[in-house]
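Student: I have just opened this structure and would like to learn how to read it. Could you take me through it step by step?

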Amino acid sequence: MRDGRSAREWAGDLGVTALGAVLALVTNGLSQIDQPSQNSTSAQARELVLGVLCCLAVLLFRRNRPVALAIGLILAQFTGAAAYGVAAIAVFNVAVLRPWRAAVPIALAETTVVCGLMALTTTSRQGFVEGAVVFSLLHAVLVTAGMLVRSRRLLVESLRERARQAEEGQRLRVEEARLLERERLAREMHDVLAHRISLLAVHAGALEFGPDAPQAQREAAGIIRRGAYEAMEDLREVIGVLRAVPEVPDDAPERPQPTLADLPSLITEARAAGDRLELDDRVGAGGGVPERIGRHAYRIVQEGLTNARKHAPGARVRVGLLAEGGELVVRIENPLPPGAGEAGRAVSGLPGAGAGLLGLGERVALVGGTLSHGRTPEGTFLLVARLPVGEP
């Protein structure tokens, strides 16, 4: 059977066994002084074998069978003096590892056996009384010390358990606070954004299907309506993530995510909305790019077009895709209007939170890529994302 004791526990067991061996030698030596007849070679060999067996029993069974070990060593005292000291160690061990209900009877039994053996071997009444008092006090000290050690150990374990429970409780409170905050944000997003986007979709639909609306106006209203619908779907997913509870059944099909193959549709949709775009796609539909990397590339281009629409409305935007050196390079470049300022301040009137480029940086770092952006000497704004083609 495999022993589960650690190296520290084995070191402690070896120390206790060594102490028992020393006490066995001491008690054997005192016995030879009191009883010279025990000095024969056969008697010494028997005492040596008994001492080795007792110490080996302490090493193997001190932790898992302390009571049985103590009883066995108490009975072993009838066969030789080498077991006296080891039996005292066993009594202390019971007091350390077991409650007082087990330690006190073991100590009384040990004291009774020792006193009985002294009564058989001691001829002086005064010597017997003195020995009985000494051994009784010794066993009482052993039991008291063992109980103190056990109490301290239980106290340390209880303090550790309380500390662990306190840490777990703190972690649960923090997690609960996070969930409550996420639910609050989800409610705010649903109550505010969902209402406004739904109104936008309704009005766009009214313009699209109006009988007197021109064809160009209908097409623009259709784009707005479909964009509002897509925004509602995206908002629904974000709210589900914030609440950490999906708003759709687990067996419902997952909404398909756009990949690099959907990039031409994004460009077509942007052109239909009036954006002036140039696409230089040297990768093709997929082009061996993993779906996960293609999805990130799609979102980068989408965010880049949004930024260009806010900061340089009406400007010609160049989008480039190139696979080189095991990387997918996404380049988005647009001229900056004179009023854009050093940071590319939005001049289109659309609100900007300044979190778009930050989110792109986090997205690119998530797949182990790099992102660079800034004003060029030619007066354009250039955004370059390098995404590893292999999985990070």
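Predicted model: local features only at pLDDT ≥ 70, side-chain atom pairs only at ≥ 80, totals over all residues.

Tutor: Gladly! Let's begin with a definition: helices (H or I, at least four residues) and strands (E, at least two) are DSSP runs, numbered from the N terminus. Residues are numbered from 1 along each chain as its sequence is written, and side-chain values use heavy atoms, with hydrogens and water left out.

Student: How many helices and strands does the secondary structure of the chain come to?

Tutor: The chain has ten helices and five strands.

Student: Is Leu59 buried or exposed?

Tutor: The general idea is relative accessible area: under 20% is buried, over 50% is exposed, and partly exposed lies in between (1.4 Å probe, protein chains only). Leu59 has 15% relative accessibility, so this residue counts as buried. Across the chain of 392 residues, 32% are buried. Leu59 also shows how sequence and space can be read together: Thr17 is 42 residues away in sequence, yet the two C-alpha atoms are 5.8 Å apart.

Student: What does contact mean, and which residues is Gln77 in contact with?

Tutor: Contact means heavy atoms within 4.5 Å. Setting aside neighbours within four places in sequence, Gln77 touches Ala83, Tyr84, Ala87, Glu110, Val113, Val114 and Leu117. Gln77 sits in the loop between helix H3 (66-76) and helix H4 (82-97), and its relative accessibility is 2%, so Gln77 counts as buried. For the chain, 67% of the contacts between residues at least 6 apart in sequence join residues at least 24 apart.

Student: How far is the backbone oxygen of Ile74 from a polar atom of the Gln77 side chain?

Tutor: Here we need the idea of a polar contact: a pair of N or O atoms within 3.5 Å, where within protein one must be able to donate a hydrogen and the other to accept it, and residues adjacent in sequence count only if both atoms are side-chain atoms. In this case the distance from the Ile74 backbone oxygen to the polar side-chain atom of Gln77 is 3.2 Å.

Student: What is a nonpolar core, and how many residues has the largest one?

Tutor: A nonpolar core is a set of buried Ala, Val, Leu, Ile, Met, Phe, Trp, Tyr and Cys residues joined through side-chain atoms within 4.5 Å. The largest one here has 27 residues, and Leu305, Leu328 and Val330 have the most contacts inside it. At least two residues each come from helix H8 (263-272), helix H9 (291-311), strand S2 (316-324), strand S3 (327-335), helix H10 (356-366) and strand S5 (380-388). H9 gives the largest share, seven residues.

Student: What is a salt bridge, and how many are counted?

Tutor: Side chains of opposite charge can pair when their charged atoms come close. The rule asks for a side-chain nitrogen of Lys or Arg within 4 Å of a carboxyl oxygen of Asp or Glu, and the count comes to nine salt bridges. One of them joins Arg164 and Glu161, at 2.7 Å from N to O. These two are three residues apart in helix H6 (residues 125-208), so about one helical turn separates them. Arg164 is partly exposed at 45%, and Glu161 is partly exposed at 32%.

Student: Which salt bridge does Arg316 form?

Tutor: Arg316 pairs with Glu278, and their closest N and O atoms are 3.5 Å apart. This pair links distant parts of the chain, with Arg316 in strand S2 and Glu278 in strand S1 (residues 276-281), 38 residues apart. Arg386 and Glu327 form another salt bridge, at 3.6 Å from N to O. Here strand S5 holds Arg386 and strand S3 holds Glu327, 59 residues apart.
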